[in-house]
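Here is a brief report on domains and helix packing. Please look over the structure first.

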Number of protein chains: 2
Amino acid sequence: MADDSRPIGIFDSGVGGLTVFRELSRHLPEESLVYLGDTARVPYGSKSRDTVIRYANACAQLLLKQDVKLLVVACNTASAFALDALKSTLSVPVVGVVEPGAYAALSRTKNNHIGVIGTVGTVASKAYTQAILHLRHNAAVYTQACPLFVPLAEEGWTTGDVPRLVAKNYLEPLLMRGIDTLVLGCTHYPLLASVIQETVGIGVTLVDSAEETARTVADVVKNHNLACSPGQIPQYRFLVSDAPENFLKTSRHFLKQVSAPVEWVDF
Amino acid sequence: MADDSRPIGIFDSGVGGLTVFRELSRHLPEESLVYLGDTARVPYGSKSRDTVIRYANACAQLLLKQDVKLLVVACNTASAFALDALKSTLSVPVVGVVEPGAYAALSRTKNNHIGVIGTVGTVASKAYTQAILHLRHNAAVYTQACPLFVPLAEEGWTTGDVPRLVAKNYLEPLLMRGIDTLVLGCTHYPLLASVIQETVGIGVTLVDSAEETARTVADVVKNHNLACSPGQIPQYRFLVSDAPENFLKTSRHFLKQVSAPVEWVDF
């Protein structure tokens with residue numbers, strides 16, 4: 001029986017990955033978690049493949065120094081660009097959010113017409129399209145970059161005319177394609193879920209990869225014999241590369257019940 | 001008579017400072033210019049004072065290695081947070097955009113009620129308010145952070161319902177204060193000038209600090225005896241820390257006639 005008290009590491013470019021943190025704390029309530037938000041370099045979504053890979057490597061190395069037993073890439077852009085590079089170089093299992101999101105989308109679609117929204121980087125990478133087609137080659141995947149959704153979510157403009165108009169602009173072309181499932185391929189987008197749902201209508205199911213990712217992590221923990229001892233009291237830590245006090249404030253949108261120290265790290 | 005062929009260095013967090021580059025190339029058409037866009041770390045406007053100072057120092061050091069004779073901090077957030085630190089540590093003259101912007105606003109206001117819009121960082125720094133009150137202690141200064149303006153400009157959504165609604169939300173509180181002058185305290189905002197002007201009405205004069213900054217630089221060049229020899233053919237270079245091809249594309253919104261090589265730099 002496993003008895004591995006080391007924490008699970010999670011990183012994101014900023015606060016968005018806290019949706020994954022939250023699901024992990026629900027699915028694996030006894031596991032310790034250490035979260036790294038690279039708030040000094042945020043956002044990743046508008047940056048190049050090479051730069052995102054470089055930043056993702058730096059995040060991974062920092063978490064390995066915290067002795068993590070498993071690494072979760074909670075950022076969609078980093079998962080899209082850097083997952084293969086991380087998997088091939090790191091000695092611990094690595095889980096991204098794209099494959100779980102693709103799997104979740106396929107388990108929900110009825111007509112095999114799937115929309116994916118994400119950052120410019122995630123969409124350009126075609127990572128979701130490839131992951132979905134790898135699992136079901138006759139699916140039809142339509143993508144749309146939505147660069148204004150992250151600043152809207154961070155500004156807290158999640159209801160009202162502005163997000164409604166922006167959502168209409170981005171999502172109407174996908175609706176014209178007859179999608180019945182829409183992947184929220186960026187960890188910020190669940191904050192805009194209600195305006196997105198209103199725009200696409202109840203005929204379209206929204207898929208947030210956070211929960212599916214947590215399920216995948218639970219499987220990996222089990223299969224790799226990495227579970228902590230039963231009854232362990234989990235320890236949570238948050239590391240950020242800029243402005244811990246802002247992180248603390250914004251994180252309250254994401255985590256209603258969890259609270260833990262936020263530490264500044266330079267890397 | 002001066003005969004200093006060294007270039008003038010200009011830096012910004014990204015492409016926005018090209019408005020300053022353009023004005024410099026107009027006011028000092030014989031001077032060579034080297035522009036650094038820190039596109040790997042963009043944006044600065046949402047980051048903390050300490051991080052912005054650290055990044056600004058790194059930009060300055062990189063340009064000093066290019067043997068610049070004068071440094072222009074074209075980014076409002078970096079000017080607001082880091083100008084004093086740079087002035088006190090560098091051996092070349094340093095010019096920011098805040099003081100020229102403050103001066104320009106005061107030369108245009110008739111009722112001494114001045115609005116300033118900028119990033120979260122620039123507004124929090126109070127740099128414009130202090131610079132304006134230092135020049136005219138009985139002026140009234142009203143500030144408003146507009147975090148959605150940069151992504152709107154970068155997305156190219158500069159006309160239509162979305163920018164109009166966003167502008168209305170941000171600017172109405174300033175209009176209630178009776179301003180007759182509005183400082184565009186971020187180098188991206190001139191791209192939204194028409195929707196901003198439409199929102200505030202013709203009774204409010206917009207102030208873009210780029211031109212005033214170029215005038216200040218021309219004065220400093222003259223007063224410090226730094227001018228190049230008359231008739232010099234200027235050389236232009238662009239350095240970026242990420243995605244040279246994106247920079248080239250976006251820079252066409254800013255620079256209609258100038259073209260020059262874009263080089264990737266790591267720092």
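## Domains of chain A

Into which domains is chain A divided? Domain 1 covers 8–96 + 211–264, and domain 2 covers 98–209. This is a predicted model. Between the centres of domain 1 of chain A and domain 2 of chain A, taken over C-alpha atoms, lie 22 Å.

## Where the domains touch

Domain 1 of chain A puts in 24 residues, and domain 2 of chain A puts in 23 residues. Three helices of chain A each supply at least two residues of the domain 1 side that touches domain 2: α1 (18–27), α3 (76–89) and α10 (209–223). Of the contributors to this side of domain 1, α3(A) gives the most, with 5 residues.

## A helix pair in chain B

Now to chain B. Helix α8 (residues 161–175) packs with helix α9 (residues 193–200) of chain B. Their axes are 9 Å apart, at an angle of about 50 degrees. An angle between 35 and 65 degrees counts as oblique, so α8(B) and α9(B) are oblique to each other. The crossing of α8(B) and α9(B) is right-handed.

Which residues meet there? From α8(B) come B:Pro163, B:Arg164, B:Ala167, B:Lys168, B:Leu171 and B:Leu175. From α9(B) come B:Val195, B:Ile196, B:Thr199 and B:Val200. The contact of α8(B) with α9(B) holds 7 nonpolar, 1 polar and 2 charged residues.

Key: Residues numbered from 1 in each chain as written. Chains lettered and ligands numbered in written order. Predicted model: local features only at pLDDT ≥ 70, side-chain atom pairs only at ≥ 80, totals over all residues. Domains from an automatic or database assignment. Contact = placed C-beta atoms within 7 Å. Helix = DSSP H or I, 4+ residues; strand = E, 2+ residues; numbered from the N terminus. Axes fitted to C-alpha atoms, helices over the stretch in contact; angles between N-to-C directions. Parallel < 35°, antiparallel > 145°, perpendicular 65-115°, else oblique. Left-handed = near helix turned anticlockwise from the far one by under 90°. Nonpolar A, V, L, I, M, F, W, Y, C, P; charged D, E, K, R; others polar.
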